[in-house]
Amino acid sequence: MNKDVIEVQVRAVLPLEGSFAVFLGNETKVFVIYIDESVGTAISMFMRGVSKERPLTHDLVGHLLLAFGAKVERVVINNINGSVFHARLIISAENELQTTRKVIELDARPSDSIAMAVQQSAPIFVAKSVWDTVEDVSDTLAQIEKKGLEVQQAAEAAAEEDEDDEDDIDEFSDEDINTIAGLEPGKSEDEYDDGFGGDDDDEEGEEWKKADG
């Protein structure tokens, strides 16, 4: 591989208002590319392995490549002009109709290129000239990840607290439940006279009938 490029990974994909921020980098540096919402959603779904009822645009492109014996070899973010990034999508094709393996290099948006690379587990590279130009936002990403971890831990703690409350309810004994219900300790609900007629009432009724006779 050309030494003028650096391999990077998608470190995070975060939704913003009307767009997405894609954080790319490695252990030494991280930079961000802002992309439109639809492609950002697609990248996020590919990363999380979310299944879809119907194929979306990048799914369709992937299926077309597969049908023709082609695949994404790699992606290279090769240029930056102001805040606009440019990329090259390198595709290789090899099937029964070709005697030799064919490699095609296409001009593409970085967002689409990243989506295809994530979908097909292809490597992503950045030209060194771009790498040296972009701002390092490693600290920003670390703060975002820390905040996200704190929110997650707080949610987990709240869930555990709810489970503990449910366990407390389950720990009541039969005697406790009888007491709460107004029943005498050691006496079952069937044995308890609720005041609306029981065995005693039946006996009194029989005595009344005998007296009446």
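Colleague: Hi! In which sense do strand E5 (residues 84-93) and E6 pair, parallel or antiparallel?
Modeller: Hello! E5 and E6 pair in the antiparallel sense, over seven bridges. Two strands count as paired if DSSP finds at least two bridges between them. Strands (E, at least two residues) and helices (H or I, at least four) are DSSP runs, numbered from the N terminus.

Colleague: Before I go on, what kind of model is this?
Modeller: This is a predicted model, where local features need pLDDT of at least 70 and side-chain atom pairs count only at pLDDT 80 or more, while totals for chains, interfaces and linings use all residues. Residues are numbered from 1 along each chain as its sequence is written, and side-chain values use heavy atoms, leaving out hydrogens and water.

Colleague: Thanks! Which residue in E6 is the bridge partner of Ala87?
Modeller: That is Ala108.

Colleague: And in what order do the strands of the sheet come?
Modeller: Seven strands form an open sheet, in the order E3-E2-E1-E7-E4-E5-E6, and the pairing is mixed. E3 and E6 (102-108) stand at the edges with a single partner strand each, so one side of each has no neighbour in the sheet. On average, neighbouring strands here are turned by 35 degrees against each other, direction ignored.

Colleague: Which strands does helix H1 touch?
Modeller: Helix H1 (residues 37-48) packs on the sheet and touches E1 (5-15), E2 and E3. Contact means heavy atoms within 4.5 Å. The direction of H1 makes about 120 degrees with that of E3; axes are lines fitted to C-alpha atoms, for helices over the stretch in contact, and angles run from 0 to 180 degrees between N-to-C directions.

Colleague: How many of E3's residues are buried?
Modeller: Five of its seven, so E3 is mostly covered. Buried means under 20% relative accessible area, exposed over 50%, and partly exposed in between (1.4 Å probe, protein chains only).

Colleague: How do you get from E2 to E3?
Modeller: A hairpin joins E2 to E3 through four residues. The two strands pair in the antiparallel sense over seven bridges, and Val22 stands opposite Ile33 in E3. Asn26 lies in the loop between E2 (19-25) and E3 (30-36).

Colleague: Asn26, buried or exposed?
Modeller: Asn26 counts as buried, because its relative accessibility is 13%. Leaving aside residues up to four places away in sequence, Asn26 touches Ile6, Glu7, Gln9, Arg11 and Trp131.

Colleague: New topic: how many salt bridges are there in the whole structure?
Modeller: A search finds six. A salt bridge is a side-chain nitrogen of Lys or Arg within 4 Å of a carboxyl oxygen of Asp or Glu. One of them joins Asp36 and Arg109, with the closest N and O atoms 3.2 Å apart. This pair links distant parts of the chain, since Asp36 is in E3 and Arg109 is in the loop between E6 and helix H3 (110-119), 73 residues apart.

Colleague: What about Arg88 and Glu105?
Modeller: Their side chains meet in a salt bridge too (3.0 Å, N to O). Arg88 lies in E5 and Glu105 in E6, so the pair ties together parts 17 residues apart in sequence. Arg88 is partly exposed at 24% relative accessible area, and Glu105 is partly exposed at 48%.

Colleague: Which residues form a network of salt bridges that share partners?
Modeller: Asp36, Arg109 and Asp112 are joined into one network that way.
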